[in-house]
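Hello,

Here is the structure I promised to pass on to you. Please open it beside this email, and then read my notes below.

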Amino acid sequence: MKFYISTTGIKRLTISNSNSNSTAVKPPAPSSTAPHRRISTRSILPLLLTLAIVLPFLFVRIAFLVLESAADCSSSPECSGWRFFSRDDASHSRLSEELSRALVDSKEGGSVGSEDGVGSFNQLVNEMISKRQDMRAFALKTKAMLHAMEQKVKSARKRESVYWYLASHGVPKGLHCLCLKLAEEYAVNAKARARLPQPEYISRLTDPFFHHLVLLTDNVLAASVVISSAIRHSAAPQKLVFHIITDKKTYTPMHAWFAINSIDSVVVEVKGLHQFDWSEEVNNRVKDMLEIHRLIWKRHYNDFKDGKENRELDVLSSSSLSLLNHLRIYVPELFPDLNKIVFLDDDIVVQHDMSSLWELDLGGNVVGAVVDSWCGDGCCPGRKYSHYLNFSHPLISSNFDPDRCAWLYGMNVFDLEAWRRSNITSTYHQWLKHNLNSGLALWRPGELPPSMMAFEGHMQPIDPSWHVAGLGERPPQLLSKEVLEDAAVIHFSGPAKPWLEIGSPEVRNLWNKHVNFSNKFIKRCRIME
């Protein structure tokens, strides 16, 4: 039997067997009133495209509404009225008002103890979700968390300042070893005790024909770098005469170093403070000066300890109490036979010949210093007067300009004859008395603030390329390679001295290349290793 179905519908049914006998059954013709019910492919495709566009939009919209509504309600009936294509402005307004009210309430609630806070923001979110707390609780806990974080940041900054203070004012083991070895050498080696300078050069110490440079320092290694760099770059080193003033404890190692490492035709004088024979009047004035500076330092120290002093701890540097630093104002008394000198700090490096400094015309002024900056108008090479002086006091605000640039100390030309005529040292002491009578509140600790005030009207600006400072700041000043190369003197002013571990590696090599690492004492003490 065979079964046939036509492709155009069941119009004919044929059943047959394998034999020749067959029977055909023809169904009745379909009625003309029954239409064909078929779905066209052309009608399905637009429908699918429309759904593909609309459904993702509906899904995203519903997801946003669910997230927004979760902040307003949990299971209340009003949550069932979500609108799919419009924002619920009223609910957002209520949320904003509630959050603002909670923040105001938490502010009026006073301080929050750290025990009320949470450890992290994730912990805060988890706690708010699990306990379903209101906005006021969220604001209070957030405030407590931020308060605890703020206290931690303040504590970390204060610890950092203390660590920097200790690191910048400690004596490295290598430098301490160097002084001990040189003092031992002074005791056992006659050459280390040789007279400085040699007898044939004694007359040069007061001869105005020569170029006189003055250092007040107790750092043997730093003094050696200053002198070796100056000699290396001098066009006429035989005209240089160096006068080193140091304290009693450093005198023997300082003398031993320059006696053993003497340079032909270069005069180096080493003199200790104990070798000066000053009058009773000068001694009393020096003692009064040091006592007032000590009181200023103590006042700022107490303010810092009590949390009243917000400035950096660098103002409490031990150099603010150093006798050698404060004796700068007594240079005319230290060298009564000299008329013009170049004063150098011990943290500088000389990079070019300085002979023309002695030929500078100071215009009748006492000191020549860098005031203008390599960085252009309105940019100070150092700091402004407002950094050093207290302009909230009428005595300061009526005499000085807070936006004025302070001149750089550390490489200066002094006309000692003009200094003696202008009586600047007495003016310096008058300002010290004003500060004492004003509750020690006129300036920060240090020798520079009263010096700027005493030299007011007696300073002659010199070219900025003579002196570039700030290489010891943290971080060091961003100076271009051209500025550093053009500078006659680079100054490592700031706490990060090049002989310390905290010295900046970017600029330390400018100082290291003048250290004589082949010296046997340097090797024994492993300096800079």
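The charged end of Arg328 sits over the ring of Tyr409, 4.9 Å from the ring centre. A charge counts as over a ring if NZ of Lys or CZ of Arg is within 6 Å of the ring centre and within 35 degrees of the ring normal. Lys271 likewise lies over the face of Phe276, with 4.5 Å to the ring centre.

Please keep in mind that this is a predicted model: local features need pLDDT of at least 70, side-chain atom pairs count only at pLDDT 80 or more, and totals for chains, interfaces and linings use all residues. Residues are numbered from 1 along each chain as its sequence is written, and side-chain values use heavy atoms, leaving out hydrogens and water.

Now to the rings. The structure holds 14 aromatic pairs; rings of Phe, Tyr and Trp (its six-membered ring) pair if their centres lie within 6.5 Å, and planes under 30 degrees apart count as stacked, over 60 as edge-to-face and the rest as tilted. One of them is Phe343 with Phe414, edge-to-face at 6.3 Å centre to centre and 70° between the planes. Phe400 is buried at 8% relative accessibility, and Trp431 is buried at 11%.

Finally, look for the cluster that ring pairs make of Phe343, Trp407, Tyr409, Phe414, Trp419 and Phe455.

Best wishes

Technical notes
Buried means under 20% relative accessible area, exposed over 50%, partly exposed in between (1.4 Å probe, protein chains only).
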